[in-house]
Structures are given as structure tokens and as C-alpha cells.
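Subject: Structure handover

Hello,

I am passing on the structure we spoke about. Please look it over before reading my notes.

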Amino acid sequence: LTSKDLPISDERLLIADGNEKTPAQVLQEYCNREDIVLNLEAIENPDCVPSDRFSVKVTVQDWVAEAKGKSKKEAKQRAAQLILTQMHPHMKTWGDLLKHYDEEKELH
């Protein structure tokens, strides 16, 4: 099973192995290419349990997602993953999503 076979919402996609793009990278590249504003708000919650210490809210047009994590980076990746899932509910795997964005990139 490769990362391309994983569902878009799979936790294993949050950790890039150096060869794969992370959800945040894919979302940022898309927004840059389409000239869409990506708004990101990070909040530290020092009183929360360590796994929920940071909260990140990502807004892209009408899509909004908020996620928590033990670091800002983890929370950002989770929020980006949620946004991508909202934007593409018909796509099932990470490979489908990457292929879609690669094809879009070629059109620009």
C-alpha cells in the first residue's frame, strides 16, 4: 500500500517522506496557481492536552476547516487535509487528488 492508495483523510499523509507532497503543500500550490487567498489562523492552547496544544483554522474561499495537533505544523496539515476533503468529496484516494492537481497544473 503506497500513500497514493490512502484515503485523502488518512493520518499517514500528514508526514511527508521527502518524496511526497503534504496536504498543506498541495493546497498552497493550488491557491497560488489559481490566485486564491488562503487564510490561516494559528492559536496555541497551553492548557490543553499535548496532542491538542495547537489549533489552526484554514479558510479557502467558502471552505473552512479547523484542526488541532501537538504542533502548529501538524494542526496545519490536518486542517489542509480537511479542506481538500471538502473541496473534492468525490475523490477517494490521495493519488486521485494528486493526479487531479497535476492535470490542472498542466493546463496553466
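Below are my notes on a helix, a pocket and one glutamate.

Please keep in mind that this is a predicted model.

Helix α1
The helix α1 covers residues 23-34. At 1.5 Å a residue, its twelve residues should span 16 Å, and the distance of 17 Å between the end C-alpha atoms agrees with that. Buried residues of α1 are P23, A24, V26, L27, Y30 and C31. These lie on the same side of α1, because the arc they cover around the axis is only 165°. After α1 comes D35, which has a positive phi, near 55°.

The largest pocket
The space in the largest pocket comes to about 160 Å³. Its lining is made up of K4, E20, K21, V26, E29, R33, G95, L98, K99, Y101, D102 and K105. Two helices, α1 and α3 (94-107), each supply at least two of the lining residues. The largest share, six residues, is from α3. By class, eight of the lining residues are charged, three are nonpolar and one is polar.

E74
The last item is E74, which sits in helix α2 (residues 72-87). Is E74 buried or exposed? Its relative accessible area is 16%, and the cut-off for buried is under 20%, so E74 counts as buried. Leaving aside residues up to four places away in sequence, E74 touches S51, K68 and G69.

Regards

Definitions and conventions
Residues are numbered from 1 along each chain as its sequence is written. This is a predicted model: local features need pLDDT of at least 70, side-chain atom pairs count only at pLDDT 80 or more; totals for chains, interfaces and linings use all residues. Side-chain values use heavy atoms; hydrogens and water are left out. Helices (H or I, at least four residues) and strands (E, at least two) are DSSP runs, numbered from the N terminus. Buried means under 20% relative accessible area, exposed over 50%, partly exposed in between (1.4 Å probe, protein chains only). Contact means heavy atoms within 4.5 Å. On a 1 Å grid over the protein atoms alone, a cavity is a set of points where a 1.4 Å probe fits but cannot get out, and a pocket is an open set with protein on both sides within 12 Å along at least five of seven lines; lining residues have an atom within 4 Å of a point. Grid points are joined across faces, edges and corners, and a volume is the space filled by probe spheres set on the points. Ala, Val, Leu, Ile, Met, Phe, Trp, Tyr, Cys and Pro count as nonpolar, Asp, Glu, Lys and Arg as charged, and the others, Gly among them, as polar. The expected span of a helix is 1.5 Å times one less than its number of residues. The arc is that of the directions from the helix axis to the C-beta atoms.
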